[in-house]
Amino acid sequence: MPELPEVEMVVRGLCPDVIGRTFTNAVINWERQIAPLSVKAFSERITGQRVEQLSRRGKYVVFTLSSGALLVHLKMTGRLYVSLPDQQDHADRWVRAIVGMDDGRELRFSDLRKFGRLYLVKHAEEVTGNLGPEPLSEAFTLERFQELIGHRKGMIKPLLMNQEFIAGIGNIYADESLWLAGIAPRRGADTLKPGQIEKLYHAIRQVLQQGIENEGASINWYRKPDGSTGSYQERFYVYDRTGQSCPRCGDAIQKTRIAQRGTHFCPSCQV
Ligand SMILES: [Zn+2]
């Protein structure tokens, strides 16, 4: 699933093509993905709306419209891209929504697995209101992280992936930041020492930043809007590297399951 860096790249890639454009119509091929709106209501409400701004909140792409907002969650296999009407794209096979724009081009949403969602709402907060802080924002300071982690119980890895705790971290960047901080993924959040919390804070920001600098991790479905891949998958410390040597201590990286998610870690230098 695309995480913060991948969604950030989708937003950056789309910005020049959609900001200032007005939506002229919408064709929806899979009604469940725009629920609770009907196809008719969605089309009527989006037509005539101008894209004032494009941003990211957690794993959501947020179109700020002249009246209201369109939010897109890519989930497992969602892709957003802009094409000319007669232009073919590999991802068109799974196109679920096409929104026409006043320059004649189309914003397309493709999604093989159909888990992605489009939310057309009055206020973006209706969808993002429960999300935790943005880990790369200035407001997310070490002090704030210390406060948040406070007396949270339970294993640290699922906590990092809890979107109401911090927004934007998924399986890849949770594994990567825990390795960088030298913390075992099963470690109880309330057992972390102040020095480990500080290391984890910096590790989270570092791996997310590295993810953005490498234009995201294309392990399976994620593509930038121009169809190209990111390269962070070539720089993984532990993710998807089961049996290979740990970049820090040389021991073999192991894979286990935590909260139903494949989890990669070094059994020697993550404690
Ligand atoms: Zn190691």
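For these notes, a donor is an N, O or S atom within 2.8 Å of the metal (3.2 Å for Na, K and Ca), and water is not among the atoms, so a site may look incomplete.

**Ground rules**

I am working on a predicted model, where local features need pLDDT of at least 70, side-chain atom pairs count only at pLDDT 80 or more, and totals for chains, interfaces and linings use all residues. Residues are numbered from 1 along each chain as its sequence is written, and side-chain values use heavy atoms, with hydrogens and water left out.

**Zinc site**

I went to the zinc ion and found the SG atoms of Cys246, Cys249, Cys266 and Cys269 as its protein donors, 2.2 to 2.3 Å away. The angles between the four donor atoms span 99 to 121°, which makes the site tetrahedral (for four donors, all angles between 85 and 135 degrees). For reference, the ideal tetrahedral angle is 109.5 degrees. Along the sequence I read the donor spacing as C-x2-C-x16-C-x2-C.

Helices here are DSSP runs of H or I with at least four residues, strands are runs of E with at least two, and both are numbered from the N terminus.

Buried or exposed, cysteine 266? It is buried, at 0% relative accessible area, while cysteine 249 counts as partly exposed at 38%. Buried means under 20%, exposed over 50%, partly exposed in between, with a 1.4 Å probe and protein chains only.

**Four-stranded sheet**

I traced an open antiparallel sheet in the order S1-S6-S7-S5. Pairing takes at least two DSSP bridges between two strands. S1 (23-28) and S5 (78-83) are the edge strands with a single partner each, so one side of each has no neighbour in the sheet. Neighbouring strands are turned by 15° against each other on average, direction ignored.

Helix H2 (39-46) lies across S1 and S6, at about 165° to S1. Contact means heavy atoms within 4.5 Å; axes are lines fitted to C-alpha atoms, for helices over the stretch in contact, with angles from 0 to 180 degrees between N-to-C directions.

I next looked at S3 (60-65), where five of six residues are buried. Six bridges link it, antiparallel, to S2 (51-57), with arginine 57 opposite tyrosine 60. Two residues separate S2 from S3 in this hairpin, and glycine 58 in the turn has a positive phi of about 60°.

On to S4 (69-73): it pairs antiparallel with S3 over five bridges, and leucine 71 is the bridge partner of valine 62. This hairpin has three residues between its strands, with glycine 68 in the turn at a positive phi of about 100°.

**Helix H4**

Which residues of H4 (142-149) are buried? I noted Leu142, Phe145, Leu148 and Ile149. Down the axis they fall within an arc of 125°, so they line one face of H4 (the arc uses directions from the helix axis to the C-beta atoms). They pack against H5 (156-161) and H7.

Last, I checked glutamate 198 in H7, which is partly exposed at 37% relative accessibility.

Key
Four donors count as tetrahedral if all angles lie between 85 and 135 degrees; four count as square planar and six as octahedral if opposite donors are over 155 degrees apart and all others between 65 and 115; anything else is irregular.
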